[in-house]
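Subject: Structure for your review

Dear colleague,

Please find the structure below, followed by an account of what was found in it. I would be grateful if you read the two side by side.

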Amino acid sequence: MSVFWSRDVSDDWSAVLAELERAFVFSKEAAGSGESFIYMVHGDDLLGRRGPGNAMVATGLLSAARTAALEGWSKGWTANVIAWDGADRGAAEALAGHLLGAGGVTGELIHLGPSHVGKALP
């Protein structure tokens with residue numbers, strides 16, 4: 001399964017850059033193989049609740065998925081983001097498996113868990 005689990009990073013730019021580079025290598029390999037992929041981020045990072053470093057990674061991956069979706073659509077693969085609340089990794093993996101098998105969903109941000117309810121999100 002082509003799922004990229006973002007790691008927690010410090011607010012140091014070199015840590016953020018290293019995580020984004022790790023995501024780039026993952027994405028390049030998946031796309032090169034014609035595989036759909038999903039970035040898994042912590043939902044609170046999209047709201048900046050867990051520090052600027054984690055927020056930069058999460059929002060960077062959201063932008064990357066939407067950009068990759070444009071490329072992948074014509075080639076038969078998809079790219080999406082799941083923002084999960086960190087509580088149930090099994091549920092997140094099950095949702096990722098479903099999305100990877102669905103085929104028609106791409107460039108989307110899907111929330112798993114209630115942490116985003118009542119918030120304005122990207």
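Which strands does helix α2 lie across, and at about what angle does the helix run to β3? Helix α2, residues 52-73, lies across β1, β2, β3 (79-84) and β4, and its direction is at about 150° to that of β3. Axes here are lines fitted to C-alpha atoms, for helices over the stretch in contact, and angles run from 0 to 180 degrees between N-to-C directions. Helices (H or I, at least four residues) and strands (E, at least two) are DSSP runs, numbered from the N terminus.

The model is predicted, so local features need pLDDT of at least 70 and side-chain atom pairs count only at pLDDT 80 or more, while totals for chains, interfaces and linings use all residues. Residues are numbered from 1 along each chain as its sequence is written, and side-chain values use heavy atoms, with hydrogens and water left out.

The sheet

Four strands, in the order β1-β2-β3-β4, make up an open sheet with parallel pairing; two strands pair if DSSP finds at least two bridges between them. At the edges are β1 (3-5) and β4 (109-112), each of which pairs on one side only. On average, neighbouring strands of this sheet are turned by 25° against each other, direction ignored. Strand β1 is joined by three bridges to β2 (residues 37-42), and the two run parallel. Within this pair, Phe 4 has Tyr 39 of β2 as its bridge partner.

Helix α2

The 22 residues of α2 should span 32 Å at 1.5 Å a residue, and the end C-alpha atoms are 31 Å apart, which agrees. The expected span is 1.5 Å times one less than the number of residues in the helix. Buried residues of α2 include Val 57, Leu 61, Leu 62 and Ala 65, where buried means under 20% relative accessible area, exposed over 50% and partly exposed in between (1.4 Å probe, protein chains only). Among the elements covering the buried residues of α2 are α1 (13-32) and the strands β1, β2, β3 and β4; contact means heavy atoms within 4.5 Å.

Helix α3

Helix α3 (residues 89-102) has 14 residues and reaches 20 Å from its first C-alpha to its last, close to the 20 Å expected. Its buried residues are Ala 92, Ala 96, Leu 99 and Leu 100. They cover an arc of only 100° around the axis, which puts them on the same side of α3; the arc is that of the directions from the helix axis to the C-beta atoms. These buried residues pack against β1, β2, β3 and β4. Ala 94, His 98 and Gly 101 are exposed, on the face turned away from the buried side of α3. Following α3 is Gly 103, with a positive phi near 80°.

Two loop residues

Thr 106 is in the loop between α3 and β4 and is buried, with a relative accessible area of 17%. Leaving aside neighbours within four places in sequence, Thr 106 is in contact with Ala 69, Trp 73, Thr 78, Ala 79 and Asn 80.

Gly 43 lies in the loop between β2 and α2 and counts as buried at 7% relative accessibility. Gly 43 and Gly 86 are 43 residues apart in sequence, while their C-alpha atoms are 8.0 Å apart in space.

With kind regards
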